[in-house]
Amino acid sequence: MMVVVLIDWDVNAAAKTEKPFHFGFKRSIGGNLPSIEQEGFSNIIQKNDALFLGNTTKKVLYLTFDNGYENGFTAPILDTLREKNVPATFFVTGHYIQDQPDLIKRMVDEGHIIGNHSWSHPDMTTMSNDQIRQELAKVRDGVAAISSQKTMQYLRPPRGIFSDRVLAVSREEGYTSVFWSLAYKDWEVNNQKGGEYAYQQIMKQLHPGSIMLIHSVSSDNAAALPRVIDDARAKGYEFESLDTLMAEQLLPFTF
């Protein structure tokens with residue numbers, strides 16, 4: 001006798017049982033490339049065409065900012081980027097869209113890219129596929145409503161928490177998930193240590209193909225950024241956009 005078993009796939013149940021990962025990496029030392037091999041998720045990053053490193057064949061840096069809320073430093077950061085002719089990607093949340101439409105419009109008008117950091121900054125591994133899609137769509141549509149950027153290609157998973165399913169759903173929605181290969185603990189606004197500290201933390205991690213994660217709420221970052229840009233260029237580095245990286249279709253990963 002043949003027994004037919006019908007399985008009702010419960011996405012919400014899957015979200016509760018799938019393995020979440022918190023992005024981490026082995027930092028660059030002395031210009032050597034960083035690594036995620038020891039983190040246990042390198043195959044998932046590769047499988048979903050997510051970015052951890054940029055083009056490591058040349059001395060290029062990709063500057064990205066996370067903008068969850070405004071702390072008064074984004075305008076000076078934009079002033080520096082305009083003065084130094086440096087492109088950047090700003091990953092924004094729903095709160096930022098609602099609270100700072102003028103700054104978002106300025107980012108786009110000055111040639112920068114707006115990326116998706118989710119509407120409410122949740123742990124997306126706990127959400128259904130439809131809920132993830134809604135989070136991403138609200139950011140894309142919100143930016144399109146207040147600026148000339150009508151499409152959105154890049155996503156930074158909120159809190160750095162992700163899973164194979166989250167990255168796959170995001171990819172289905174047309175996003176490239178962008179992690180980072182250079183970062184430091186810069187987001188604690190009540191524990192800033194000065195521009196010199198930020199400068200040292202950033203410069204000691206520079207490496208070819210760096211995807212730099214910097215938080216715009218940091219007064220240290222705003223103070224250090226002009227010198228970081230000048231001195232990185234003095235070391236032979238150039239700043240390029242994520243669009244340039246994607247156009248090159250060179251996505252090398254070193255683990």
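Student: How many positive and negative side chains does the chain have, and how far apart do the centres of the two sets lie?

Tutor: In this predicted model, the chain carries 25 positive and 31 negative side chains, and the centres of these two sets are 4 Å apart.

Student: Why is serine 118 called buried?

Tutor: A residue counts as buried when its relative accessible area is under 20%, and serine 118 has a value of 0%, so it is buried. Serine 118 lies in the loop between β4 (113-116) and α6 (129-146), and its phi is near 80 degrees, which is a positive value in a residue other than glycine.

Student: Why does asparagine 85 count as exposed?

Tutor: Exposed means over 50% relative accessible area; asparagine 85 has 65% relative accessibility, and therefore it counts as exposed. Asparagine 85 is placed in the loop between α3 (74-84) and β3 (88-92), and here too phi is positive in a residue other than glycine, with a value near 60 degrees.

Student: Which residues of helix α7 are buried, and what follows the helix?

Tutor: Helix α7 covers residues 164-172, and Arg165, Val166, Leu167, Val169 and Ser170 are buried in it. After α7 comes glycine 174, whose phi is positive, near 95 degrees. Over the chain of 255 residues, 53% count as buried.

Student: What share of the contacts in the chain joins residues at least 24 apart?

Tutor: Taking contacts between residues at least 6 apart in sequence, 76% join residues that are at least 24 apart. As for the surface, the accessible area of the chain comes to about 11,700 Å², and 50% of this belongs to carbon and sulfur atoms.

Student: How do you know where the predictor's confidence stays under 50?

Tutor: The pLDDT values show it, with residues 1-11 staying under 50 and residues 250-255 also staying under 50. For residues 1-11 the model has 4 contacts beyond four places in sequence, while for residues 250-255 it has 24 such contacts. Over the chain, the mean pLDDT is 92, and 91% of the residues reach 70 or more.

Key
Residues numbered from 1 in each chain as written. Heavy atoms only, no water. Buried < 20%, exposed > 50% of the residue type's maximum accessible area, 1.4 Å probe, protein only. Helix = DSSP H or I, 4+ residues; strand = E, 2+ residues; numbered from the N terminus. Contact = heavy atoms within 4.5 Å. Areas by Shrake-Rupley, 256 points an atom, 1.4 Å probe, with all protein chains shown as cover. Lys, Arg positive; Asp, Glu negative; His and termini not counted. Charge placed at Lys NZ, Arg CZ, Asp CG, Glu CD. pLDDT = per-residue confidence, 0-100.
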